[in-house]
Amino acid sequence: EAPLPKVAVVPLSQHIGAPNQPLVAKGDIVEEGQLLGKVDSFVSAPVHSPVCGTVTDIKKAFHPVFGPVMSVFIQRDETKGRKTYAEQDVEAFSPEDIIEKVKNAGIVGMGGAAFPTYVKLSVKESKKEIDTLIINGAECEPYLTCDHIIMTRKTQEILKGIELLMQVIEPKNVYIAIEDNKKAALFSFQKAIRESTHKPISKIRVVPLKTKYPQGGEKQLIKAISGREVPPGGLPLDIGFLVQNAATVYAIYEAVYFDRPLIERMVTISGDCLERAGNYLIRVGTTVKEIMESYGLEFACEPSKIIMGGAMMGVAQPQVDVPVLKGTSGILFLSEKASKVFEEGPCLRCAKCVDVCPVRLLPTEIMRNVKKQRWEEVDKLYISDCMECGSCMYECPARIPLVQYIKEGKAAVAGKK
């Protein structure tokens with residue numbers, strides 16, 4: 001459990017969808033879990049205060065992914081500790097009550113995508129049925145172990161969260177997908193399910209998967225478990241699947257059972273610069289600078305690059321005054337050797353990027369059209385299906401930053417629509 005931040009910087013946009021509007025003003029005293037911002041848009045998620053304290057400012061601050069966004073600055077009241085949340089009676093909750101709890105708690109996908117969870121659960125409104133629920137415990141990125149820790153330490157709680165999801169969507173099949181290098185998590189779930197006397201739990205199957213990257217992508221997970229493929233431009237919902245990250249399920253449990261908003265998450269702090277890596281329960285809004293100053297981290301060398309997220313899909317940060325978000329799975333401190341930057345060379349037409357693309361796209365063809373700003377052609381190449389896993393860029397002998405071009409293309413195509 002990490003120290004509480006002295007100053008929390010809470011961005012009003014920590015999800016895919018419309019940014020929140022502030023509900024507090026400078027000088028306001030706020031309590032832990034108090035609503036700081038929300039918006040009436042369907043695709044959005046409210047944000048809450050991670051600490052008790054005073055709002056010192058509401059202004060643009062650097063966001064780890066989006067750049068400058070409106071954020072709430074809170075000076076923590078150091079006389080107050082952590083809030084205790086009373087357990088709720090969940091027996092009387094209807095599926096609609098559960099969805100409302102998830103919505104009000106501001107829960108988003110904690111595997112990195114940060115899509116509002118209640119939107120995924122509102123399947124009845126979309127008039128589509130979910131046949132299969134998959135709990136994503138693959139965690140395939142290098143360095144990251146935060147989901148593994150949650151799965152081994154909070155097994156029973158995650159199973160209760162899965163029961164809540166089963167109550168909402170009533171799936172025929174439920175799978176917990178875990179890569180076979182996570183023996184402790186596999187054993188914990190297998191043992192808990194085997195010993196459970198609760199009938200819904202007995203329906204759950206634990207599926208060990210071969211360890212490989214990028215199996216944590218929901219479309220890859222569906223293919224690995226069922227052999228079925230999500231159609232190009234489609235969503236798992238289109239073929240009756242719902243995928244939820246293991247940490248997200250734990251957050252759902254806390255929201256429904258304890259009425260606790262998403263203000264804290266497990267984060268892996270690692271990298272070759274650190275003497276000792278670790279997993280920390282960190283409050284949303286804690287800055288990397290404060291983590292470096294307050295957590296007793298010992299550095300073997302000066303970090304050349306700081307990445308928020310994983311080594312493959314994370315985003316390198318230009319400064320340390322950036323906060324932990326709901327979707328921050330890791331903070332990596334990498335040396336110059338580990339983060340060596342190469343100069344972009346000409347495409348060799350070797351097709352290695354095509355060979356390794358998990359969704360069978362044409363990365364170099366997308367790159368060429370992005371360079372020439374042919375946005376209609378870019379859209380026709382199914383750029384929206386790219387999950388930015390970085391496999392193409394990692395494999396490219398010319399060191400072309402293909403993911404960078406793809407991100408630029410996605411933004412341009414989205415702006416044209």
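Author: Helices (H or I, at least four residues) and strands (E, at least two) are DSSP runs, numbered from the N terminus. This is a predicted model, in which local features need pLDDT of at least 70 and side-chain atom pairs count only at pLDDT 80 or more, while totals for chains, interfaces and linings use all residues. Residues are numbered from 1 along each chain as its sequence is written, and side-chain values use heavy atoms, with hydrogens and water left out.

Reader: How many helices and strands are there in the chain?

Author: The chain has 14 helices and 16 strands. Its radius of gyration, taken over C-alpha atoms, is 21 Å, close to the 22 Å that the globule rule (2.2 Å times the number of residues to the power 0.38) gives for 417 residues, so the chain is as compact as a globular protein of that length.

Reader: What share of the residues counts as buried?

Author: Buried means under 20% relative accessible area, exposed over 50%, and partly exposed in between, with a 1.4 Å probe and protein chains only. By that definition, 51% of the 417 residues of the chain are buried.

Reader: How should I read a sheet, and in what order do the strands of the open sheet lie?

Author: Strands of a sheet pair through backbone hydrogen bonds, either parallel or antiparallel. Here two strands are said to pair if DSSP finds at least two bridges between them. The open sheet of three strands has the order S2-S4-S5, and its pairing is antiparallel. Strand S2 (21-22) and strand S5 (47-48) are at the edges, each with a single partner strand, so one side of each has no neighbour in the sheet. Strand S4 (residues 35-38) is joined to S5 by two bridges, and Gly 37 has Val 47 in S5 as its bridge partner.

Reader: Which residues does a cis peptide bond join?

Author: The cis peptide bond joins Tyr 213 and Pro 214, with omega about 5 degrees. Pro 214 belongs to the loop between strand S10 (204-209) and helix H7 (218-226).

Reader: Where does Arg 360 lie, and is Arg 360 buried or exposed?

Author: Arg 360 lies in the loop between H10 and helix H11 (363-371). Although Arg 360 is not a glycine, its phi is positive, at about 60 degrees, and this residue is exposed, with a relative accessible area of 59%. Arg 349, in the loop between strand S16 (330-334) and helix H10 (352-356), has a positive phi near 55 degrees and is exposed, with a relative accessible area of 66%.
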